[in-house]
Amino acid sequence: MSRPRIDYSLYYVTGRSLLPPAPTSYTGPPGDWYLAHLEQALAGGVTVVQVREKDVDGGEFYEVARRSKEVCDRYNVPLFVNDRLDIACLLKCHLHVGQSDLPARLARQLLGPDALLGVSVNTVDEMRLVLDEGVADYVGIGPCFGTQTKKNLNPIMGPRGVRAILEVLGDSEVKAVVIGGITPSTIPNVLAQTPAPLASGGYRHLDGLAVVSSISAAHDPFTAATELRALFLGRKMLPSWNLNASTAALDEQQLVRNAVDMLKLLREGAHKPLVHHITNQVVMNDTANLTLAFGASPIMSSSPDEAPHLSTLISCLLLNLGTITEQQIASQKIAGEAANRNQKPVVFDPVGVGATEYRKKSASDLLNACHVSIIKGNAGEVGALAGLSEVQARGVDSVGAGFKDPASVVRTLAAREKLVVAMSGKVDYVSDGRDVFAIENGSEWQESITGSGCMASACVPCFPASLSLSLCSTAVALFAGLRHESGSLSAAVAGLVAINVAAELAAERADVQGPNTFRAALIDECFRITPDDLARRAKVKKL
Ligand code: 3NM
Ligand code: MG
């Protein structure tokens, strides 16, 4: 095979209809503005070009492709044409086919041996077929997000749908780019969520990003291309890019010390995190009080209009799926996206996600819209997200004895989602996808009140990962809201240890005589608990 190896990192699919008007500084022939715009994009860092012309005849398509190729040749950038095998053959360039175009295996028969062939895929079955046929050099996976650019768009798959396709692609030589709604604001989430765990260990990553409007509609295509490419290349700073690298592993003593140190800072008032809750109506009052009791500040706001501004002010965002409504989910998506943009960690409590299809879809939509740093749920909720039926949910409660192997459940889900999973129960399990810690604190009284799981989730952002920001490199800090590293693990363990030790202290009080006095005592103990209490009582074990 003499086909070239090319750099797929920034794949520009042209869209002449989206071009902005030529600026006054442009003095060339009006018809050539497209080429001048393309040239700036190439100078900015585009590594592959595909000429896509949906509403033109063969003659015009040929002319546009021929002239585009002259420009690309000067930059030594490979050119693909969309769909038109004849034009690809005439120009001796590469070909991209969609699912409704000529079948790839037929196109391959006429394409020269040096030509590359790309195929669009929207489903895992299409991906399997491409692998079986063995004629494609790369796949374009999409649409990842909604886009105005393409008519007859296939179902939107979200970064997690892209991941499912990458999982099928596995460690095949076939390259993969993602398309559909790829913009500077969606890229961090795409890069954080798409890596797919491989059976052999390790992750399958994207080889590039494909865009139409992010470049073609740009007034300054040079800067647009530079920024897009830098974001893709910057992925290597995302810890999720290389989850197998042995970054600072934390042992149980260190995690307890971190919890104690964080509580000290809260108690001294040296650190007063502002936590934005978009939560359910059952627990709102308790979780707001509990946040205050720990020395953090809650802001309870469900307005989508307020969320973007809030995200610049907060330390952490807490999203809770309980008593969910359409409006609530819409607000959570907007707030989550804004938190990602502003590099603020997001904690997600998927309350009752196993109970109904509606909640499952809402959780999936939310996880596609933004990258979450920590998921905190009970066994039923974690099981539903992991796609397991071993533990059932009844309404928002999980029932039965729990998982036979809870450690592998949380580890697998954390590795797949590339975040920290904290599963609460009699024993809590926390994993970053590599290590698993068990927390054996707590009181039976917690089961007697509503919202004790939500209260545990609310403790986590009182110990936000941002606290450890000063300890990690700027490169990692850059992706604070997205990063997958010890900060999230520390926060999750600290929050769960704190609420569970507070519950033990509350349960020991003589004035606790029933659920309601326990609930009051629990909030009081969150207020009274000292770093020393944590240090003495924490029962954290690495499994
Ligand atoms: N193909 P933008 S989505 C050309 O899903 C194309 O196969 C898609 O445009 C697919 O970058 C798409 O402006 C349009 O969102 C992408
Ligand atoms: Mg096509």
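In the predicted model, Lys418 is located in the loop that connects α16 (406–417) to β18 (420–424). Its phi is positive, at about 60 degrees, although the residue is not a glycine. Lys418 is classed as buried because 26 other C-beta atoms lie within 10 Å, against a cut-off of 20 or more.

A positive phi also occurs at Thr323, where the value is near 40 degrees. This residue belongs to the loop between β13 (316–320) and α13 (326–341). With 15 other C-beta atoms within 10 Å, Thr323 is partly exposed. Most residues other than glycine have a negative phi, and most peptide bonds are trans. A cis peptide bond, with omega about 0 degrees, is present between Gly142 and Pro143. Pro143 lies in the loop that runs between β6 (138–141) and α6 (158–169).

In soluble globular proteins, nonpolar side chains tend to be buried together. The largest nonpolar core of the model comprises 95 residues, and Ala259, Cys459, Val493, Val497 and Ala498 have the most contacts inside it. Helix α19 (residues 486–507) supplies the largest share of this core, with 14 residues. Apart from this core lies another, of 70 residues, which includes Ala65, Phe80, Val97 and Leu209.

When neighbours within four places in sequence are left aside, Cys459 is in contact with Leu290, Phe294, Gly495, Leu496, Ala498 and Ile499. One of these partners, Ala498, is itself among the residues with the most contacts inside the largest core.

Methods
Residues numbered from 1 in each chain as written. Chains lettered and ligands numbered in written order. Predicted model: local features only at pLDDT ≥ 70, side-chain atom pairs only at ≥ 80, totals over all residues. Helix = DSSP H or I, 4+ residues; strand = E, 2+ residues; numbered from the N terminus. Buried ≥ 20, exposed ≤ 12 C-beta atoms within 10 Å, placed from the backbone. Core = buried A, V, L, I, M, F, W, Y, C linked by C-beta atoms within 7 Å. Contact = placed C-beta atoms within 7 Å.
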